[in-house]
Amino acid sequence: MRTFTLMIFAVLVALGQTPRSVWDGVYTTVQAGRGKLLSGEECARCHSESLGGGEAAPALAGEAFVARWQNAGELFEKIRTTMPTDSPGRLGRQEYIDILAYILTVNKFPAGAKELPKETAELNSIRIEDKKH
């Protein structure tokens with residue numbers, strides 16, 4: 001898996017995209033606030049208000065959750081194409097991005113000055129890491 005991550009890193013550099021980490025402040029507090037409102041409406045019924053998981057839905061916070069994802073793009077696409085389970089894809093890209101920002105804040109990754117980008121290719125350059133490197 002580490003080799004795959006290094007390959008992605010090399011491709012991103014070749015394409016002129018600077019790889020970043022969730023520790024680099026890749027979303028804003030305003031964006032996460034919008035995501036929190038949406039999460040309460042769209043995610044909490046299955047994943048709980050705290051995103052700690054429910055009877056039939058996994059936690060969206062914590063070490064096990066963070067360890068599951070390589071980058072923000074793959075997490076975004078999973079959310080966008082499968083959630084909410086009763087009507088996947090019914091939200092707009094901005095709404096899904098805002099929810100992703102909220103998930104990042106719940107996982108205690110720092111906010112920054114710029115919002116998360118809406119394009120999956122750009123999100124792919126944002127590594128999800130459990131520890132700041």
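The model is a predicted one. Helix α2 spans residues 29-42, and its buried residues are covered in part by α3 and α6. The second largest pocket holds about 400 Å³ of space, while the largest cavity holds about 30 Å³.

**Helix α2**

- The 14 residues of α2 should span 20 Å at 1.5 Å a residue, and the helix agrees with this because its end C-alpha atoms lie 19 Å apart.
- Gln-31, Ala-32, Gly-35, Leu-38, Ser-39 and Glu-42 are the buried residues of α2.
- These residues cover an arc of only 120° around the axis, and therefore lie on the same side of α2.
- In an α-helix there are 3.6 residues a turn, so residues three or four places apart point the same way.
- Thr-29, Val-30, Lys-36, Leu-37 and Glu-41 are exposed, on the face of α2 turned away from the buried side.
- The cover over the buried residues of α2 includes α3 (44-47) and α6 (93-106).

**Largest cavity**

- The count of cavities of 30 Å³ or more is 1.
- The largest cavity is lined by Phe-65, Val-66, Leu-75, Leu-104, Asn-107, Phe-109 and Ile-128.
- Its lining comprises 6 nonpolar residues, 1 polar residue and no charged residues.

**Second largest pocket**

- This pocket, of about 400 Å³, is lined by 26 residues, of which His-47, Pro-58, Leu-60, Thr-82 and Met-83 are the closest to its centre.
- At least two lining residues come from each of α3, α4 (63-68), α5 (72-82) and α6.
- Helix α5 gives the most to this lining, with 4 residues.
- By class, the lining has 18 nonpolar, 3 polar and 5 charged residues.

Note on methods:
Residues numbered from 1 in each chain as written. Predicted model: local features only at pLDDT ≥ 70, side-chain atom pairs only at ≥ 80, totals over all residues. Heavy atoms only, no water. Expected span 1.5 Å × (residues − 1). Buried < 20%, exposed > 50% of the residue type's maximum accessible area, 1.4 Å probe, protein only. Arc of directions from axis to C-beta. Contact = heavy atoms within 4.5 Å. 1 Å grid on protein atoms, 1.4 Å probe; cavity = no way out; pocket = protein on both sides within 12 Å on 5 of 7 lines; lining within 4 Å. Points joined across faces, edges and corners; volume = space filled by probe spheres on them. Nonpolar A, V, L, I, M, F, W, Y, C, P; charged D, E, K, R; others polar.
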